[in-house]
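Let's take a walk through this structure together. Have the sequence and the 3D view open, and follow along residue by residue.

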Amino acid sequence: MAGTLMAGKKVLITGIANDKSIAYGVARALQAQGAELVITYLNAKAEPYVRPLAESLGAEIILPLDVSKPEQLDRLFTAIDESWGRLDGLVHSLAFCPLEDLHAPISECSREGFLQAMDISCYSFIDMANRARPLMKDGGSMINFSYLGSALATGDYNIMGCAKAALEAATRYLARDLGTQNIRVNCISPGTIATRAAGGIKDFASMLEYNQHKAVDGQLPTIEEVGNAALFFLSDLSAGTTGSIHYVDHGVCING
Ligand code: NAD
């Protein structure tokens, strides 16, 4: 639905891999309300999938970003500063864990796998928040994405549950830290959605079934529904909300 809720707002969107990505649902919802976007892609292999989507959304800057490479973060934030001189929104929609550590029983997770999962899935949000902060001259809004596996031992989420629990804690502390600068920091926790990243989870099909069974209306969330929740957080509609974990899971989290 077209509108003006995001008119004049400039938003950095990370984490689009393809048109099934949660970040793509977010980008569409924001663009439909007038947001101007910077969109990143992971690497040269991802670029042919992401660039056409970014162009169709009228993205003004399209750059590579692997968050484990500080020089790419430097380049991205310099480009935003030079082109826009400011930023209103940050969307962190990415996570990673080596498959052997994700699939192993958590007691067998390697130190390297644990550190990499934490670095890419949690620390990168702190890093990007710190880089975005000076550009958010009139305040702003930052969001990331978690999953119920942060709070419950559910399915084969394993080590990612630890990374998401850390990300949720980082959301609360960053909300307090950056609140003094009128920057809101929130986390959206969607139910299961069949995306590329989700496909890496062992027996993801059972997690989908569990979520559908536990949903109060028997429905799984869509990237459009998650995009609309993100629109709330990135727009002024959420002016009074920070540090929250907001579920878009059709009630799975409250259904005992
Ligand atoms: P996706 O595969 O479409 O997106 C994941 C993105 O992470 C990809 O674009 C990938 O390029 C990016 N990424 C991985 N490593 C990176 C790195 N080093 N640097 C930069 N980007 C990197 O999957 P998705 O489901 O849309 O995932 C988006 C977010 O939503 C993730 O944080 C995920 O944990 C979270 N989430 C997903 C679900 C679900 O069921 N799909 C549920 C709850 C939360």
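A word on ground rules before we set off. The model is predicted, so local features need pLDDT of at least 70 and side-chain atom pairs count only at pLDDT 80 or more, while totals for chains, interfaces and linings use all residues. Residues are numbered from 1 along each chain as its sequence is written, and side-chain values use heavy atoms, with hydrogens and water left out.

Let's start inside. A nonpolar core here is a set of buried Ala, Val, Leu, Ile, Met, Phe, Trp, Tyr and Cys residues joined through side-chain atoms within 4.5 Å. Buried means under 20% relative accessible area, exposed means over 50%, and partly exposed is in between (1.4 Å probe, protein chains only). The largest such core has 34 residues, and Ile13 and Leu30 have the most contacts inside it. Two or more of its residues come from each of β1 (10-13), α1 (22-32), β2 (36-41), α2 (47-56), β5 (140-145) and α8 (223-234). Those names come from DSSP runs, numbered from the N terminus: helices are H or I with at least four residues, strands are E with at least two. Helix α8 gives the largest share of this core, 7 residues. Apart from this core lies another one, of 31 residues, with Met128, Ala129, Leu135 and Ala175 among them.

Zoom in on Ile13 next. Setting aside residues up to four places away in sequence, Ile13 touches Ala23, Val26, Ala27, Leu30, Leu37, Val38, Ile39, Thr40 and Val91, where contact means heavy atoms within 4.5 Å.

Now for the ligand. It has 26 residues around it, the closest being Ser21, Lys164, Ile193, Thr195 and Ala197; a residue counts as near if one of its heavy atoms lies within 4 Å. A nitrogen atom of the ligand lies 3.0 Å from a polar side-chain atom of Asp66. On its own the ligand has 820 Å² of accessible area, and the protein covers 91% of that (areas by the Shrake-Rupley method with a 1.4 Å probe; for residues, only the protein chains shown count as cover).

Two histidines are worth a stop. His92 sits in strand β4 (residues 89-92) and is buried, at 1% relative accessible area. Its side chain has a polar contact of 2.8 Å with that of Ser124. A polar contact is a pair of N or O atoms within 3.5 Å; within protein, one must be able to donate a hydrogen and the other to accept it, and residues adjacent in sequence count only if both atoms are side-chain atoms. His250, in the segment after β7, also counts as buried, at 19%. The side chain of His250 makes polar contacts with the side chains of Asp217 (2.7 Å) and Glu225 (2.9 Å).

Finally, look for Gly256, in the segment after β7 (245-248). With a relative accessible area of 95%, Gly256 is exposed. Gly256 and Gly34 are 222 residues apart in sequence and 40 Å apart in space, C-alpha to C-alpha.
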